[in-house]
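Please read the points below beside the model. They take up the loops, the ligand, the pockets and the cavities in turn.

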Amino acid sequence: MTTASFPSSAAAATGSGSTRCYNFGAGPSTLPEEVLRQIQADIWDFKGSGIGILELSHRGKEYDAVVAEVDRDVRAVGNIPADYDVLFMTGGATSQNYIVPANLLPPGATADHLVTGHWAQGSFDDAKQYVSCHNPGATIHAAYHGGGDKFAHLPGEAEISYSKNPTYVHMTSNNTLYGTQWLDAQGRTRLPKIPAGAFLVSDGCSDFFWDELDVSRFGLIYGGAQKNMGTAGTTFVIARKDLVARANRNIPRMLQYGLFAREESRPNTPPVFAIYTVGLMVKWVRSQGGLKAVGQRNRQKAGMIYSSLDRHAAFYKPHAAKADRSMMNITFRCAAGPAMDDAFVAEAKLAGLDVLKGHRMTGGMRASTYNAMPVEGCKALADFIDDFAKRKG
Ligand code: PMP
(Lines give C-alpha, C1' and ligand atoms only; values in the text may rest on other atoms or scores of the structure.)
Protein backbone atom coordinates (compact mmCIF):
# COMPACT_ATOMS: atom_id res chain seq x y z
CA MET A 1 0.00 0.00 0.00
CA THR A 2 1.13 3.52 -0.68
CA THR A 3 1.06 6.22 1.96
CA ALA A 4 -0.15 8.93 -0.40
CA SER A 5 -2.56 11.51 1.02
CA PHE A 6 -6.10 11.82 -0.28
CA PRO A 7 -6.05 13.21 -3.79
CA SER A 8 -9.51 12.04 -4.77
CA SER A 9 -11.17 13.29 -1.58
CA ALA A 10 -9.30 16.56 -1.68
CA ALA A 11 -10.31 16.96 -5.31
CA ALA A 12 -13.94 17.38 -4.25
CA ALA A 13 -13.09 20.43 -2.23
CA THR A 14 -10.81 21.89 -4.90
CA GLY A 15 -13.27 21.17 -7.68
CA SER A 16 -10.76 19.25 -9.76
CA GLY A 17 -13.31 16.86 -11.21
CA SER A 18 -13.49 13.92 -8.78
CA THR A 19 -16.94 12.75 -7.84
CA ARG A 20 -15.87 12.00 -4.27
CA CYS A 21 -16.85 14.28 -1.42
CA TYR A 22 -15.78 14.50 2.20
CA ASN A 23 -18.16 12.01 3.79
CA PHE A 24 -18.93 12.91 7.41
CA GLY A 25 -21.34 9.98 7.82
CA ALA A 26 -21.46 8.18 11.17
CA GLY A 27 -21.09 4.68 9.72
CA PRO A 28 -20.64 3.11 7.33
CA SER A 29 -18.17 5.92 6.98
CA THR A 30 -15.30 7.13 4.88
CA LEU A 31 -12.36 4.81 4.21
CA PRO A 32 -8.82 5.88 3.33
CA GLU A 33 -8.05 6.13 -0.34
CA GLU A 34 -5.17 3.66 0.00
CA VAL A 35 -7.55 1.10 1.46
CA LEU A 36 -10.13 1.63 -1.27
CA ARG A 37 -7.51 1.30 -4.00
CA GLN A 38 -6.26 -1.94 -2.48
CA ILE A 39 -9.82 -3.26 -2.29
CA GLN A 40 -10.36 -2.37 -5.95
CA ALA A 41 -7.37 -4.49 -6.91
CA ASP A 42 -8.25 -7.36 -4.56
CA ILE A 43 -11.84 -7.56 -5.76
CA TRP A 44 -10.45 -8.56 -9.14
CA ASP A 45 -7.62 -10.83 -8.09
CA PHE A 46 -6.63 -11.47 -4.47
CA LYS A 47 -2.87 -11.87 -4.16
CA GLY A 48 -2.42 -13.56 -7.52
CA SER A 49 -4.87 -16.34 -6.69
CA GLY A 50 -6.96 -15.57 -9.78
CA ILE A 51 -9.95 -15.23 -7.44
CA GLY A 52 -11.36 -11.96 -6.08
CA ILE A 53 -11.77 -11.28 -2.37
CA LEU A 54 -15.57 -11.36 -2.69
CA GLU A 55 -15.36 -14.87 -4.13
CA LEU A 56 -12.74 -16.35 -1.84
CA SER A 57 -13.45 -19.54 0.14
CA HIS A 58 -13.32 -19.10 3.89
CA ARG A 59 -11.58 -22.48 4.11
CA GLY A 60 -8.83 -21.83 1.55
CA LYS A 61 -5.20 -21.01 2.25
CA GLU A 62 -5.56 -17.39 1.14
CA TYR A 63 -8.22 -16.78 3.78
CA ASP A 64 -6.19 -18.73 6.35
CA ALA A 65 -3.52 -16.11 5.82
CA VAL A 66 -6.03 -13.25 6.15
CA VAL A 67 -7.26 -14.67 9.48
CA ALA A 68 -3.74 -15.01 10.84
CA GLU A 69 -2.70 -11.54 9.67
CA VAL A 70 -5.79 -9.75 10.99
CA ASP A 71 -5.34 -11.36 14.37
CA ARG A 72 -1.63 -10.53 14.47
CA ASP A 73 -2.08 -6.94 13.27
CA VAL A 74 -5.06 -6.05 15.48
CA ARG A 75 -3.09 -7.33 18.49
CA ALA A 76 0.11 -5.51 17.52
CA VAL A 77 -1.40 -2.16 16.52
CA GLY A 78 -4.06 -2.21 19.26
CA ASN A 79 -1.57 -3.34 21.91
CA ILE A 80 -3.95 -6.12 22.91
CA PRO A 81 -2.58 -8.34 25.66
CA ALA A 82 -1.99 -12.03 24.92
CA ASP A 83 -4.63 -13.08 27.43
CA TYR A 84 -7.39 -11.58 25.27
CA ASP A 85 -9.26 -13.22 22.39
CA VAL A 86 -9.91 -11.23 19.22
CA LEU A 87 -13.17 -12.48 17.73
CA PHE A 88 -15.13 -11.48 14.65
CA MET A 89 -18.84 -12.18 14.87
CA THR A 90 -21.93 -11.01 12.98
CA GLY A 91 -25.19 -9.30 13.91
CA GLY A 92 -23.61 -5.91 14.59
CA ALA A 93 -22.95 -4.24 17.89
CA THR A 94 -26.69 -4.44 18.50
CA SER A 95 -26.63 -8.23 18.79
CA GLN A 96 -24.00 -7.98 21.52
CA ASN A 97 -26.72 -6.39 23.66
CA TYR A 98 -28.00 -9.91 24.35
CA ILE A 99 -24.90 -11.93 23.42
CA VAL A 100 -22.96 -10.36 26.31
CA PRO A 101 -25.47 -11.32 29.04
CA ALA A 102 -26.13 -14.68 27.35
CA ASN A 103 -22.44 -15.56 27.72
CA LEU A 104 -21.32 -13.67 30.78
CA LEU A 105 -24.20 -13.12 33.18
CA PRO A 106 -24.58 -16.11 35.52
CA PRO A 107 -28.06 -17.18 36.70
CA GLY A 108 -29.48 -14.69 39.15
CA ALA A 109 -26.58 -12.23 38.82
CA THR A 110 -26.72 -8.46 38.17
CA ALA A 111 -25.28 -6.33 35.37
CA ASP A 112 -25.03 -2.57 35.84
CA HIS A 113 -25.50 -0.32 32.82
CA LEU A 114 -24.43 3.29 32.36
CA VAL A 115 -27.15 4.60 30.07
CA THR A 116 -25.45 7.51 28.36
CA GLY A 117 -27.19 7.67 24.99
CA HIS A 118 -29.34 6.00 22.38
CA TRP A 119 -27.23 2.89 21.84
CA ALA A 120 -26.57 2.54 25.56
CA GLN A 121 -30.34 2.64 26.06
CA GLY A 122 -30.67 -0.12 23.46
CA SER A 123 -28.06 -2.21 25.28
CA PHE A 124 -29.96 -1.78 28.53
CA ASP A 125 -33.37 -2.57 26.99
CA ASP A 126 -32.17 -5.62 25.06
CA ALA A 127 -30.29 -7.00 28.05
CA LYS A 128 -33.41 -6.57 30.20
CA GLN A 129 -35.53 -8.32 27.61
CA TYR A 130 -33.00 -11.13 27.26
CA VAL A 131 -32.79 -11.86 30.97
CA SER A 132 -36.54 -11.64 31.46
CA CYS A 133 -36.90 -14.54 28.98
CA HIS A 134 -33.76 -16.58 29.62
CA ASN A 135 -32.32 -15.68 33.01
CA PRO A 136 -35.35 -14.56 35.01
CA GLY A 137 -33.57 -14.31 38.35
CA ALA A 138 -31.00 -11.88 36.92
CA THR A 139 -31.16 -8.10 37.16
CA ILE A 140 -30.18 -5.41 34.67
CA HIS A 141 -29.69 -2.27 36.71
CA ALA A 142 -29.38 1.28 35.36
CA ALA A 143 -26.54 2.66 37.48
CA TYR A 144 -26.87 5.95 35.61
CA HIS A 145 -29.42 7.34 33.19
CA GLY A 146 -28.61 10.51 31.28
CA GLY A 147 -32.02 11.14 29.73
CA GLY A 148 -32.63 14.14 32.00
CA ASP A 149 -30.34 16.43 30.03
CA LYS A 150 -30.84 14.70 26.68
CA PHE A 151 -27.60 12.76 27.16
CA ALA A 152 -25.56 15.96 26.83
CA HIS A 153 -23.03 15.01 29.50
CA LEU A 154 -21.39 11.92 30.96
CA PRO A 155 -21.58 11.12 34.67
CA GLY A 156 -19.02 11.83 37.33
CA GLU A 157 -18.55 9.32 40.13
CA ALA A 158 -21.19 10.97 42.33
CA GLU A 159 -23.90 10.53 39.71
CA ILE A 160 -23.47 6.76 39.42
CA SER A 161 -25.28 4.35 41.78
CA TYR A 162 -23.98 0.83 41.34
CA SER A 163 -25.83 -2.18 42.64
CA LYS A 164 -24.31 -4.21 45.47
CA ASN A 165 -22.39 -6.82 43.57
CA PRO A 166 -22.61 -6.50 39.78
CA THR A 167 -20.92 -9.10 37.60
CA TYR A 168 -20.03 -6.44 35.09
CA VAL A 169 -20.60 -2.78 34.26
CA HIS A 170 -21.63 -1.93 30.71
CA MET A 171 -20.56 1.42 29.29
CA THR A 172 -20.63 3.03 25.85
CA SER A 173 -17.30 4.77 25.36
CA ASN A 174 -18.52 7.09 22.61
CA ASN A 175 -22.15 8.07 22.17
CA THR A 176 -22.47 8.37 18.41
CA LEU A 177 -25.85 10.11 18.26
CA TYR A 178 -25.36 12.68 20.99
CA GLY A 179 -21.66 13.28 20.43
CA THR A 180 -20.26 12.56 23.89
CA GLN A 181 -17.16 10.52 24.69
CA TRP A 182 -15.61 9.40 27.98
CA LEU A 183 -12.49 11.59 28.04
CA ASP A 184 -10.23 13.13 30.66
CA ALA A 185 -8.99 16.71 30.66
CA GLN A 186 -6.18 15.78 28.25
CA GLY A 187 -8.65 14.32 25.78
CA ARG A 188 -7.61 10.71 26.52
CA THR A 189 -10.08 7.92 27.21
CA ARG A 190 -11.28 7.96 30.81
CA LEU A 191 -13.01 5.00 32.40
CA PRO A 192 -15.55 5.01 35.20
CA LYS A 193 -14.48 3.53 38.54
CA ILE A 194 -16.35 0.26 38.93
CA PRO A 195 -17.09 -1.91 41.97
CA ALA A 196 -14.38 -4.33 43.09
CA GLY A 197 -14.87 -7.75 41.56
CA ALA A 198 -16.82 -6.48 38.53
CA PHE A 199 -15.38 -6.28 35.03
CA LEU A 200 -15.99 -3.57 32.46
CA VAL A 201 -17.84 -4.26 29.20
CA SER A 202 -17.61 -1.46 26.66
CA ASP A 203 -19.55 -0.78 23.51
CA GLY A 204 -16.61 0.64 21.58
CA CYS A 205 -18.49 0.70 18.29
CA SER A 206 -17.72 4.29 17.43
CA ASP A 207 -14.36 4.89 19.04
CA PHE A 208 -12.37 1.66 19.35
CA PHE A 209 -8.99 2.23 17.65
CA TRP A 210 -9.41 6.03 17.78
CA ASP A 211 -6.37 6.40 20.09
CA GLU A 212 -4.14 4.28 22.29
CA LEU A 213 -6.15 2.33 24.85
CA ASP A 214 -5.25 0.27 27.90
CA VAL A 215 -7.24 -2.82 26.89
CA SER A 216 -6.25 -4.61 30.09
CA ARG A 217 -8.74 -2.44 32.00
CA PHE A 218 -11.67 -4.08 30.18
CA GLY A 219 -13.26 -7.48 30.40
CA LEU A 220 -14.69 -7.11 26.93
CA ILE A 221 -14.93 -4.49 24.18
CA TYR A 222 -17.19 -4.87 21.16
CA GLY A 223 -18.38 -2.93 18.15
CA GLY A 224 -19.43 -3.03 14.53
CA ALA A 225 -16.42 -2.50 12.27
CA GLN A 226 -18.07 0.17 10.12
CA LYS A 227 -16.50 3.24 11.75
CA ASN A 228 -12.81 3.24 12.67
CA MET A 229 -12.21 -0.42 11.82
CA GLY A 230 -13.49 -0.92 8.29
CA THR A 231 -16.87 -1.58 6.81
CA ALA A 232 -20.19 -3.10 7.87
CA GLY A 233 -20.62 -6.86 8.19
CA THR A 234 -18.53 -7.94 11.12
CA THR A 235 -18.53 -7.25 14.85
CA PHE A 236 -15.21 -7.24 16.67
CA VAL A 237 -15.16 -8.66 20.19
CA ILE A 238 -12.02 -8.27 22.28
CA ALA A 239 -12.50 -10.39 25.37
CA ARG A 240 -10.43 -11.60 28.29
CA LYS A 241 -9.66 -15.27 27.72
CA ASP A 242 -10.69 -16.34 31.21
CA LEU A 243 -14.16 -14.83 30.64
CA VAL A 244 -14.44 -16.59 27.29
CA ALA A 245 -13.30 -19.86 28.85
CA ARG A 246 -16.01 -19.78 31.50
CA ALA A 247 -18.74 -18.29 29.27
CA ASN A 248 -22.13 -19.99 29.18
CA ARG A 249 -22.31 -22.87 26.66
CA ASN A 250 -25.99 -23.47 27.22
CA ILE A 251 -26.95 -21.06 24.46
CA PRO A 252 -27.22 -21.42 20.67
CA ARG A 253 -23.84 -22.11 19.10
CA MET A 254 -23.72 -18.94 17.05
CA LEU A 255 -23.88 -16.87 20.24
CA GLN A 256 -21.04 -18.66 22.00
CA TYR A 257 -17.83 -16.67 22.43
CA GLY A 258 -16.01 -19.93 23.16
CA LEU A 259 -16.96 -21.40 19.80
CA PHE A 260 -15.74 -18.32 17.91
CA ALA A 261 -12.48 -18.43 19.87
CA ARG A 262 -11.90 -22.12 19.15
CA GLU A 263 -12.83 -21.89 15.46
CA GLU A 264 -10.91 -18.72 14.50
CA SER A 265 -14.17 -16.79 14.10
CA ARG A 266 -15.34 -19.12 11.35
CA PRO A 267 -17.69 -21.70 12.83
CA ASN A 268 -19.83 -20.97 9.78
CA THR A 269 -19.25 -18.81 6.68
CA PRO A 270 -17.78 -15.58 8.05
CA PRO A 271 -18.10 -12.13 6.41
CA VAL A 272 -14.81 -12.60 4.57
CA PHE A 273 -14.80 -9.19 2.93
CA ALA A 274 -15.55 -7.25 6.12
CA ILE A 275 -12.86 -9.10 8.11
CA TYR A 276 -10.32 -8.63 5.30
CA THR A 277 -11.19 -4.88 5.32
CA VAL A 278 -10.49 -4.69 9.06
CA GLY A 279 -7.06 -6.07 8.20
CA LEU A 280 -6.46 -3.30 5.66
CA MET A 281 -7.66 -0.59 8.05
CA VAL A 282 -5.37 -1.79 10.80
CA LYS A 283 -2.40 -1.85 8.43
CA TRP A 284 -3.36 1.67 7.37
CA VAL A 285 -3.41 2.85 10.99
CA ARG A 286 0.09 1.42 11.35
CA SER A 287 1.20 3.24 8.16
CA GLN A 288 -0.05 6.49 9.75
CA GLY A 289 2.26 6.07 12.72
CA GLY A 290 0.03 3.84 14.85
CA LEU A 291 -2.70 4.66 17.32
CA LYS A 292 -0.73 7.32 19.19
CA ALA A 293 -0.28 9.41 16.04
CA VAL A 294 -3.82 8.73 14.85
CA GLY A 295 -5.22 9.75 18.26
CA GLN A 296 -3.28 13.02 18.20
CA ARG A 297 -4.56 13.73 14.73
CA ASN A 298 -8.13 12.94 15.76
CA ARG A 299 -7.91 15.44 18.62
CA GLN A 300 -6.50 18.04 16.23
CA LYS A 301 -9.25 17.38 13.64
CA ALA A 302 -12.13 17.64 16.11
CA GLY A 303 -10.49 20.64 17.78
CA MET A 304 -10.55 22.63 14.54
CA ILE A 305 -14.28 22.05 14.14
CA TYR A 306 -15.18 22.79 17.76
CA SER A 307 -13.08 25.98 17.59
CA SER A 308 -15.09 27.22 14.63
CA LEU A 309 -18.36 26.41 16.41
CA ASP A 310 -17.18 28.21 19.55
CA ARG A 311 -16.09 31.28 17.58
CA HIS A 312 -19.74 31.74 16.64
CA ALA A 313 -21.31 30.86 19.96
CA ALA A 314 -24.44 32.91 19.30
CA PHE A 315 -25.02 31.19 15.95
CA TYR A 316 -24.26 27.52 16.68
CA LYS A 317 -25.34 25.39 19.64
CA PRO A 318 -23.12 22.33 20.15
CA HIS A 319 -25.09 19.56 21.89
CA ALA A 320 -22.49 18.01 24.19
CA ALA A 321 -21.19 19.54 27.41
CA LYS A 322 -17.69 20.88 26.74
CA ALA A 323 -15.89 18.40 28.98
CA ASP A 324 -17.54 15.44 27.27
CA ARG A 325 -17.28 16.48 23.64
CA SER A 326 -16.62 13.55 21.36
CA MET A 327 -13.54 13.48 19.14
CA MET A 328 -15.47 11.22 16.75
CA ASN A 329 -18.97 12.71 16.33
CA ILE A 330 -19.45 16.46 16.57
CA THR A 331 -23.11 17.35 17.13
CA PHE A 332 -24.49 20.87 16.81
CA ARG A 333 -27.43 22.89 15.57
CA CYS A 334 -28.06 26.43 14.43
CA ALA A 335 -29.61 28.67 17.09
CA ALA A 336 -31.99 30.05 14.46
CA GLY A 337 -33.77 26.67 14.16
CA PRO A 338 -34.29 23.70 11.85
CA ALA A 339 -34.70 25.75 8.64
CA MET A 340 -31.18 27.14 9.15
CA ASP A 341 -29.92 23.60 9.89
CA ASP A 342 -31.37 22.47 6.56
CA ALA A 343 -29.69 25.37 4.76
CA PHE A 344 -26.39 24.45 6.42
CA VAL A 345 -26.62 20.83 5.31
CA ALA A 346 -27.66 21.76 1.75
CA GLU A 347 -24.96 24.39 1.24
CA ALA A 348 -22.28 22.19 2.81
CA LYS A 349 -23.17 19.46 0.33
CA LEU A 350 -22.64 21.85 -2.55
CA ALA A 351 -19.21 22.60 -1.06
CA GLY A 352 -18.31 18.89 -1.13
CA LEU A 353 -19.02 18.29 2.59
CA ASP A 354 -21.68 15.62 2.80
CA VAL A 355 -23.71 13.42 5.17
CA LEU A 356 -23.83 16.11 7.85
CA LYS A 357 -27.49 15.79 8.76
CA GLY A 358 -27.90 14.74 12.38
CA HIS A 359 -29.51 11.44 13.32
CA ARG A 360 -33.28 11.45 12.94
CA MET A 361 -33.66 11.27 16.72
CA THR A 362 -31.54 14.33 17.46
CA GLY A 363 -31.86 16.60 14.42
CA GLY A 364 -29.32 19.36 13.74
CA MET A 365 -25.93 18.37 12.33
CA ARG A 366 -23.40 15.69 13.07
CA ALA A 367 -19.89 15.57 11.68
CA SER A 368 -18.18 12.23 12.14
CA THR A 369 -14.42 12.52 12.04
CA TYR A 370 -13.25 8.94 12.38
CA ASN A 371 -9.69 7.87 11.67
CA ALA A 372 -10.04 7.92 7.88
CA MET A 373 -11.42 11.47 7.68
CA PRO A 374 -8.43 13.52 6.54
CA VAL A 375 -7.30 16.69 8.31
CA GLU A 376 -8.08 18.55 5.08
CA GLY A 377 -11.73 17.49 5.31
CA CYS A 378 -12.00 18.80 8.87
CA LYS A 379 -10.27 22.03 7.89
CA ALA A 380 -12.71 22.46 5.00
CA LEU A 381 -15.65 21.91 7.36
CA ALA A 382 -14.22 24.28 9.99
CA ASP A 383 -13.84 26.97 7.30
CA PHE A 384 -17.36 26.33 6.04
CA ILE A 385 -18.74 26.67 9.60
CA ASP A 386 -17.02 30.06 9.90
CA ASP A 387 -18.13 31.24 6.51
CA PHE A 388 -21.76 30.12 6.93
CA ALA A 389 -22.12 31.93 10.26
CA LYS A 390 -20.60 35.10 8.82
CA ARG A 391 -22.97 35.06 5.88
CA LYS A 392 -26.14 34.11 7.75
CA GLY A 393 -25.53 35.45 11.25
N1 PMP B 1 -23.36 1.25 19.52
C2 PMP B 1 -22.93 2.42 19.04
C3 PMP B 1 -22.15 3.33 19.96
C4 PMP B 1 -23.17 2.77 17.72
O5 PMP B 1 -22.74 3.94 17.24
C6 PMP B 1 -23.89 1.89 16.88
C7 PMP B 1 -24.16 2.18 15.43
N8 PMP B 1 -24.12 3.47 15.03
C9 PMP B 1 -24.34 0.70 17.43
C10 PMP B 1 -24.05 0.39 18.74
C11 PMP B 1 -25.11 -0.29 16.60
O12 PMP B 1 -24.22 -0.91 15.76
P13 PMP B 1 -24.70 -1.96 14.67
O14 PMP B 1 -25.43 -1.18 13.64
O15 PMP B 1 -23.41 -2.56 14.19
O16 PMP B 1 -25.58 -2.96 15.34
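1. Helices (H or I, at least four residues) and strands (E, at least two) are here DSSP runs, numbered from the N terminus. With that convention, Pro28 is found in the loop between strand 1 (22-23) and helix 2 (33-44), and the peptide bond that leads from Gly27 to Pro28 is cis, with omega near -5 degrees. Asn79 belongs to another loop, the one between helix 3 (61-77) and strand 2 (84-89), and its phi is near 50 degrees, a positive value in a residue other than glycine. As background to both points, most residues other than glycine have a negative phi, and most peptide bonds are trans.

2. The model is predicted, and for that reason local features need pLDDT of at least 70 and side-chain atom pairs count only at pLDDT 80 or more, whereas totals for chains, interfaces and linings use all residues. Residues are numbered from 1 along each chain as its sequence is written, and side-chain values use heavy atoms, with hydrogens and water left out.

3. Which residues are around the ligand? Counting a residue as near when one of its heavy atoms lies within 4 Å of the molecule, the shell consists of Gly92, Ala93, Thr94, Trp119, Thr172, Asn174, Thr176, Asp203, Cys205, Ser206, Gln226 and Lys227. Helix 4 (residues 92-104) gives the largest share of this shell, 3 residues. By class, the shell has 3 nonpolar, 7 polar and 2 charged residues, where Ala, Val, Leu, Ile, Met, Phe, Trp, Tyr, Cys and Pro count as nonpolar, Asp, Glu, Lys and Arg as charged, and the others, Gly among them, as polar.

4. A nitrogen atom of the ligand is 2.6 Å from an N or O atom in the side chain of Asp203, and a nitrogen atom of the ligand is 2.8 Å from an N or O atom in the side chain of Lys227. Taken alone the ligand exposes 400 Å², and the protein buries 85% of that, the accessible areas coming from the Shrake-Rupley method with a 1.4 Å probe.

5. Pockets and cavities are found on a 1 Å grid over the protein atoms alone: a cavity is a set of points where a 1.4 Å probe fits but cannot get out, a pocket is an open set with protein on both sides within 12 Å along at least five of seven lines, and lining residues have an atom within 4 Å of a point. Grid points are joined across faces, edges and corners, and a volume is the space filled by probe spheres set on the points. The ligand takes the space of the second largest pocket, a molecule being placed in a pocket if more than half of its atoms lie within 2 Å of its grid points.

6. The second largest pocket has a volume of about 280 Å³. Of the 20 residues that line this pocket, Trp119, Thr176, Cys205, Gln226 and Lys227 are the closest to its centre. Its lining divides into 6 nonpolar, 11 polar and 3 charged residues, and helix 4 provides the largest share, 4 residues.

7. The largest pocket holds about 360 Å³ of space. Among its 21 lining residues, Ala102, Asn103, Leu105, Pro106 and Asn248 are the closest to its centre. Helix 4 and helix 5 (118-134) each supply at least two residues of this lining, which by class has 13 nonpolar, 7 polar and 1 charged residues.

8. How many cavities of 30 Å³ or more does the structure hold? There are 5, and the largest cavity has a volume of about 80 Å³. It is lined by 13 residues, of which Ser173, Thr189, Asp207, Phe208 and Leu213 lie nearest its centre. The second largest cavity, with about 60 Å³ of space, is lined by Leu177, His319, Thr331, Phe332, Arg333, Thr362, Gly363, Gly364 and Met365, and strand 12 (residues 329-334) gives the most to that lining, with 3 residues.

Note on methods:
A polar contact is a pair of N or O atoms within 3.5 Å; within protein, one must be able to donate a hydrogen and the other to accept it, and residues adjacent in sequence count only if both atoms are side-chain atoms.
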